[in-house]
Amino acid sequence: MGKKLDLSKPIYELVTQYPELKDIMVELGFKEIANPAMLNSVGRLTTIPKGAKIHKISMMKVVTKLMASGFELEGKMPSFVFEGKKEAAVKAAVSADYNGEMPEADLSQERIGQLKGYLKRLGDGEGLDTVRADFVDKFSDVEAAEIMKAEQELMKEGTPLSEVQKLCDIHSALFHGSTREEKIMNAELEVGASLQRQAAAAAEKESVDREIEKKYAAAKAASENPGERKAMTKALIQVTGHPLAIFTKENEALEQMLPSVQERIEKRSVTAEIVDELRQLTVHYAKKGDLLYPHLKVKYDVTGPSEVMWTVDDEIRDELGKLAKLATFDEDWYSRFEKVVTRAEEMIYKEKNILFPITAEYFTKEEWYGVYQDAKDYSVVFGVEQEIWDEAENAAEASKKNAAEALMNGEIVMPGGHMTIAQLTALLNTIPMEISFIDDNNINRYFNEGPKVFKRAGMAIDREVFACHPPKIEPMVRAILDSFIDGSKDSVPVWMEKNGRTMLVTYMAVRDKKKNYLGTVELVQDMEFAKEHFAK
């Protein structure tokens, strides 16, 4: 059972129930409750939301900290949770009008209200089949943006994020009809038929590429039309080497694998090798988490996928990791494994019908070039090799040539000497560490080049560092940077195992001669050499 925390109860009552809560609250800024007299008097009259408002403490910061500490929040979320400037992005994600930039051109409040009603019924425990029957009777189709808006309004009305995440796994089972396999199969057959028609109409590959380009441009110009958005997504998937084409092929490979996995589950004959093979999807999820979710959130203020889908990705990945470590495949193991496989299968549908169309609409061609280049750093998933996207490769070559010409005669002069850009770049790339620099505004400013254990997407440059981390990791990153900014710490070492190797990740505050904070450097070092040396 999780630790349930009712936000409508007085702080005194909550601290009495969970004594460890007092230190957490003091750390957040509720310093008075450290005084027993204040806790016993004012604490009996004040709730956490009311205290946050009095002390001007961000409730989003409070909620994030409490959830990261293992509490499951109950009670209605106060409206002033969205009042501070720092919460502008969150407010946009849950506002009723989606900040005026809903992907749909015409979303009626009546339809949104009906969808919310179905979600609430599921959340209250009503059977999926009953709710689905009512849904099918009222709706012939539903758009991804309508689902997002219904979820976001529920969050605004007070439904905790954790509850929305729990509902996420059964939403798609409701929204894509009673026979999911049949609907997905029909959609895939239609894509295949479309590809065949275009291939037959084109005498040569060059003419096919031109036709795809026309479709891309036309769909982009009319992206407010849901039908055109779907056409644009299909067009991008047809481009050889395009990131959406690779993502889609990875999902198709996973779909082909799942029937045999389900058969193994039924026969109770799953092996460790099968689990390891399925765990390749964690690389697929990592690419989404590094290359798609943050860019949607930071550049376009589309926060729904990063708030919900990213968390579900992490839960699937973590559960598969835990199951892989267990030596005995008993009934409890099979029950958990079957559930996580189902969640992975549902995620395929969500990506195809929600995530991919949203990225197809918002991302520019230049941004897709960046995703393509960054994706090269990731391992092959389910045998789907990275294909060459000629257009992106040509654009990259042109960019490098222009940059080289612009800096041909330039040097950087420093107190210790001077170097050309080429020399400094090569020097930093030679150092046997992964180097990242974050400036004093928490913006990613530099990553050195080369293969990395911890992937660094080039598109993350000039983006706030917090957007590059899953929701459950963000509070830890904030805490480290805050300790550097306030001067309480200068270095935080973190030892960990990664891919079977011992890694040391060191975060260090970068300060000038007057001790002014300039930013943070993150150094990732493979320490296997040290283990081997001292083992001799």
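# Reading the labels on a predicted model

The protein chain of this predicted model has 23 helices and nine strands.

User: How many residues does the protein chain have, and what share is buried?

Analyst: The chain has 536 residues, and 45% of them are buried. The chain exposes about 27800 Å². Carbon and sulfur atoms supply 55% of that area.

User: Why is S436 called buried?

Analyst: Buried means under 20% relative accessible area. S436 has 3% relative accessibility, so S436 counts as buried. S436 lies in strand 5. That strand covers residues 434-439, and five of its six residues are buried.

User: What does S436 touch, leaving aside residues up to four places away in sequence?

Analyst: S436 touches Y446, F447, R456, T520, V521 and E522. F447 is also the bridge partner of S436 in strand 6.

User: What makes strand 5 and strand 6 a pair?

Analyst: Two strands pair if there are at least two bridges between them. Strand 5 and strand 6 (residues 444-447) have three bridges, so they pair. They run antiparallel. F437 also has a bridge partner in strand 6, namely Y446.

User: How do you know that strand 5 pairs with strand 9?

Analyst: The cut-off is again at least two bridges. Six bridges join strand 5 to strand 9 (residues 517-526), so these strands pair as well. The direction is antiparallel. E434 stands opposite V524 in strand 9.

User: What is the strand order of the open sheet?

Analyst: The order is 6-5-9-8-7, five strands with antiparallel pairing. The twist averages 15° from one strand to the next.

User: Why do strand 6 and strand 7 stand at the edges?

Analyst: Strand 6 and strand 7 (491-498) each have a single partner strand, so one side of each is left without a neighbour in the sheet.

User: What makes the phi of N442 worth a look?

Analyst: Most residues other than glycine have a negative phi. N442 is not a glycine, yet its phi is positive, near 65°. N442 is found in the loop between strand 5 and strand 6. The hairpin has four residues between these strands.

User: Is N442 buried or exposed?

Analyst: N442 has a relative accessible area of 12%. The cut-off for buried is under 20%. N442 is therefore buried.

User: Which phi does D301 take, and where is D301 placed?

Analyst: Phi of D301 is positive, about 60°, although D301 is not a glycine. D301 is in the loop between helix 16 and helix 17 (304-325).

User: Why is D301 called partly exposed?

Analyst: Partly exposed lies between the buried cut-off, under 20%, and the exposed cut-off, over 50%. D301 comes to 22% relative accessibility, so D301 counts as partly exposed.

User: How do you know that P36 is exposed?

Analyst: Exposed means over 50% relative accessible area. P36 has 61%, so P36 is exposed. The place of P36 is in helix 3 (residues 36-41). The C-alpha atoms of P36 and Y12 are separated by 9.9 Å, and the two residues are 24 apart along the chain.

User: Why is I237 called partly exposed?

Analyst: I237 has a relative accessible area of 26%. That value falls between 20% and 50%, so I237 is partly exposed. I237 is found in helix 13 (residues 226-237). Not counting residues up to four places away in sequence, I237 touches L244, A245 and T248. I237 and K249 are 12 residues apart in sequence and 9.1 Å apart in space, C-alpha to C-alpha.

User: How do helix 16 and helix 18 cross?

Analyst: The axes of helix 16 (residues 281-300) and helix 18 (residues 331-362) come within 12 Å. They cross at roughly 35°. Helix 16 passes helix 18 in a left-handed crossing.

User: Which residues meet where helix 16 and helix 18 are in contact?

Analyst: Helix 16 contributes L281, H284, Y285, K288, L292, Y293, L296 and Y300. Helix 18 contributes A344, M347, E351, L355, I358, T359 and Y362. These residues divide into 11 nonpolar, two polar and two charged.

User: What makes K288 and E351 charged in that count?

Analyst: Asp, Glu, Lys and Arg count as charged. K288 is a Lys in helix 16 and E351 is a Glu in helix 18, so both count as charged.

Notes:
Residues numbered from 1 in each chain as written. Predicted model: local features only at pLDDT ≥ 70, side-chain atom pairs only at ≥ 80, totals over all residues. Heavy atoms only, no water. Axes fitted to C-alpha atoms, helices over the stretch in contact; angles between N-to-C directions. Helix = DSSP H or I, 4+ residues; strand = E, 2+ residues; numbered from the N terminus. Left-handed = near helix turned anticlockwise from the far one by under 90°. Contact = heavy atoms within 4.5 Å. Buried < 20%, exposed > 50% of the residue type's maximum accessible area, 1.4 Å probe, protein only. Areas by Shrake-Rupley, 256 points an atom, 1.4 Å probe, with all protein chains shown as cover.
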